[in-house]
Structure formats: C-alpha cells, structure tokens
Amino acid sequence: MGVNTWTNWVGNQAFIPAAQAAPTSEDEVAGLVAAAAQRGLSVRAAGAGHSFTPVVETGGLLLDLRGLGGIRSIDPERRRVVVGPATTIGEFGEPLWAEGLALANQGDIVAQQIAGAISTATHGSGLRLGSFSSSVRRVRLVTSSGEVVEIGENDPDRLRAVQVSVGMLGVITEVELEVAPAYRLRERIEHWSWDEAWGRFDELAQEHRHYSFFWMPSEDSAALYGLASAGESLTDKCHVKIYDEVDGSIPDSSEPRRRVGPAHVIYPMVYEPNFHELEYFVPYEQGRDALAAMRELMLASLPTSVFPMEVRTVGRDEAFLSHSYDRDTVVISVSGTPGTDYDSYLRDVDRLLGTFDARVHWGKLHYLTREQLLDRYPRANDFIATRRALDPSDTFLNAHLAPLFA
C-alpha cells in the first residue's frame, strides 16, 4: 500500500493517511477493513472528492473505491438499478435511457460517485423531488468486523440510517436505487429582478418541476459562476432556471438557455472549482423570510459576500440525517473565494440561518454542533444508536465527525 497526499477537488482539504488501498472486490474491502480495525486504525472511503468538509480525512486507512464502479443490473419493470459505489452520476444516463428509465432527479455536477452522493444527501432541485438518498432501496456495506451486511426495505429503520450515513456505518459496496420512467426537459433561463424571483417564489416552486435561481449582490458576482451577459447590469438581479417535462411533440434543441432533451443531457453544468461552499436547508414555510434576511446580510457584507447566493428547493424524505427529514426545504448556498478570509462572513450566515432551524449539507462547509444536531435532526439519536451498533469500535469516525456522532 503506497501512501500519497489526498486532496479534494478544490484543494481546501488535504491529508496523508497511514495507509491507502484500492480494492476491486467486496471480499477485498472486507479483508482490508477487518485488518485495519484489528490494528486500531480508523477507516474512511474516498469518493470523487467533491466534499468541501474533511469527511474523508483519516490518520488510518483510506480506501479508493474506483475499482468498484459500474452498473450491475437494471430492472425496467421494478424501475430499479443496482450499481457499484464508485459509479458516477454521469454514468447512469445512457444505460438507463436505453431501458426507458432515468434518475428521478440529479444536480448539475455529474462527476460525483453515487456512494458519496447518497452518503451526504446530495440533491438536485424541485419541491416534489428528494435527494439521491431518498431513492436508495438497498445497500450492502462492510462493517468494522469485516462482516458484509445487507440493509433493505424489510429493515426500514436501518435503511433510513444508511441512506444518509456520511460513511459512518461501514464501507458501501453496492447500492440499489429506485429510478423513474425516462423523461425529457425543457429549459428556461432568464434574468429577473429580485422582486420577480423572490416575490413569486412559492407560486413558481409549486408550478414547475424545477425552479431555482442565483441572486447576484454586485456587478462582480455573475462572472464568478459564468453567468454574465454582455451589456446587461446584473447587480441585485437573479439568474433564474426553470425546467419542466415535455412530451415528444417538442423537438430536442441545443439553443442556449432554451435547451430541450433527455433529462440526463439537460441537467449537467460545467463548474470551475474556484469556490468553497456553505449550504444550509431551512423549512420551506420559512424560506422566503430566510432569503430576505440573507439578502440584507450579504449586501451589508460586501465585498466578502460577492459570490452569488444559490436558491433551490428539495422535497421531504425519511432519512434520519437528511436535511429534508420530514419537511420540504429551501436550500441556500453561498461561497467564499479561495485564498481570502471569509470565515467571519460564513459564521454570520450560520448564525442567521440557525434562527430558521437550518440543517446542513454534510459535504459542504458548516459549523454544526452536537447540541444543534440533536435539536434540529429529530432522529439523530436513532442514527447514533445504529452507528454504535454497527461500528462499536468507532472505526469509521474521524476527527471531523466524532464530536457530532461519537
């Protein structure tokens, strides 16, 4: 096992583990984990490195699961797909489409591996649509003893725990997802005033499959995400994105900002990793008030707050550690520029959204405390009990997660 420095996609997390391995089978994973646990080493698994938080960091054994990717089976009648943990979001599109199926929802980045995406409750947008985690129907994972455990729908409490586990229950070696009938999307991207985008937020979120926007606090904001438009002032404007399903009577189109096509073709966007992001989730009913408060905070915090605020919705689900457990949510994302001191600004955001009962994205910057975890996540103690039962030696904890979940 060679040892190299591991770095995430934006370079804000880096560490050197005691050991590294790249298993290519479940049996190999089991042997590596059991041996590490017997030596008292912690174990973490790395996905595509798209988290901004130190969820992967370990001073023990780091597993690279890229040898466990790929689609293993598709069942069109049951609308199920079984995949290896390292299968990327982008790898689902064409094989599912060929079987008349599609992921029910996804975000605009397709390089994430599915195990990491579900473990952190990564999501797209849409008030009637859940995160990747909400579509998980069965998981195989290797526990700290090296035992392989399968958790499915006949074990609902443990399934709700493993749907969003941040890698704390074991190493995922297989995932079964429920998928949707294939569908096509029509895109509509426009620049609106704040009052237009925010004032009609509830109406538009209810009306469309996907309604989201980036609000830009200053003239420099748009260029940071490639949203600029020649000759148009975008200060205090919103880059609005609307997507709805269409039938076969509407032809495919590659017209910019008005594309039409298969969902897996329309969703992806290309981002340069030049930002560090915080993403919090507030109850849908409090969303408009939280957004108005955020706008005032960001205007008062310029130029540190120059990055646009992204606004989306996610539908409720049942996963114990989900941002959307038992409630629809409004998603609020803000970023800082690498190389600048933006911690004070992000802590102000944390304090403000905390007054709205905010939950966090486990893969993005956050300041959640143990007390807040137990207060804001009604099933947190149930997750902790499941974690202790599956990992009594705390093999899968690290310095970032232990203060919250030990």
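Let's start with strand β13, residues 184-193, which pairs with strand β15, residues 237-246, in the antiparallel sense over ten bridges. When I say two strands pair, I mean DSSP finds at least two bridges between them.

Quick housekeeping. This is a predicted model, where local features need pLDDT of at least 70 and side-chain atom pairs count only at pLDDT 80 or more, while totals for chains, interfaces and linings use all residues. Residues are numbered from 1 along each chain as its sequence is written, and side-chain values use heavy atoms, with hydrogens and water left out.

Okay, the whole chain. How many helices and strands does the protein chain have? There are 13 helices and 20 strands. The radius of gyration is 21 Å, close to the 22 Å that the globule rule gives for 406 residues, so the chain is as compact as a globular protein of that length. That radius is taken over C-alpha atoms, and the globule rule is 2.2 Å times the number of residues to the power 0.38. If you want a box in your head, the C-alpha atoms fill one of roughly 60 × 50 × 40 Å along the principal axes.

Of the 406 residues, 58% are buried. Buried means under 20% relative accessible area, exposed means over 50%, and partly exposed is in between, with a 1.4 Å probe and protein chains only. As for contacts, meaning heavy atoms within 4.5 Å, take those in the chain with a separation of 6 or more: residues 24 or more positions apart account for 70% of them.

Now the five-stranded open sheet. Its order is β6-β7-β11-β9-β10, and the pairing is antiparallel. From one strand to the next, the twist averages 10 degrees. For angles like that, axes are lines fitted to C-alpha atoms, for helices over the stretch in contact, and the angles run from 0 to 180 degrees between N-to-C directions.

Inside this sheet, β9 (residues 136-142) and β11 (residues 171-178) pair antiparallel over six bridges, and Arg140 stands opposite Glu174 in β11. Helix α4, residues 156-163, lies across β9 and β10, running at about 80 degrees to β9.

There's also an open sheet of three strands, in the order β3-β5-β4, and here the pairing is parallel. The edge strands are β3 (19-21) and β4 (43-46), each pairing on one side only. Twist in this sheet averages 25 degrees from one strand to the next. β4 and β5 (residues 61-64) share four bridges in the parallel sense, with Asp64 in β5 as the bridge partner of Ala46. Helix α1, residues 26-38, packs on the sheet and touches β3, β4 and β5; its direction makes about 170 degrees with that of β5.

Most residues other than glycine have a negative phi, and most peptide bonds are trans. So which peptide bond is cis, with omega near 5 degrees? That's the one from Leu302 to Pro303, and Pro303 is in the loop between α9 (287-300) and β18 (309-314).

Then the positive phi values. Ala121 has one of about 60 degrees although it is not a glycine. You'll find Ala121 in the loop between α3 (114-119) and β9. Buried or exposed? Ala121 counts as buried, because its relative accessibility is 0%. Asp357 also has a positive phi, near 60 degrees, and belongs to the loop between α10 (343-354) and β20 (359-360). At 26% relative accessibility, Asp357 counts as partly exposed.

Last stop, Ser393, in the loop between α12 (380-390) and α13 (402-405). With 47% relative accessibility, Ser393 counts as partly exposed. Its side chain makes a polar contact of 2.7 Å with that of Thr395; that term means a pair of N or O atoms within 3.5 Å, where within protein one must be able to donate a hydrogen and the other to accept it, and residues adjacent in sequence count only if both atoms are side-chain atoms. Ser393 and Ser145 are 248 residues apart in sequence, yet 9.1 Å apart in space, C-alpha to C-alpha.

Notes
Helix = DSSP H or I, 4+ residues; strand = E, 2+ residues; numbered from the N terminus.
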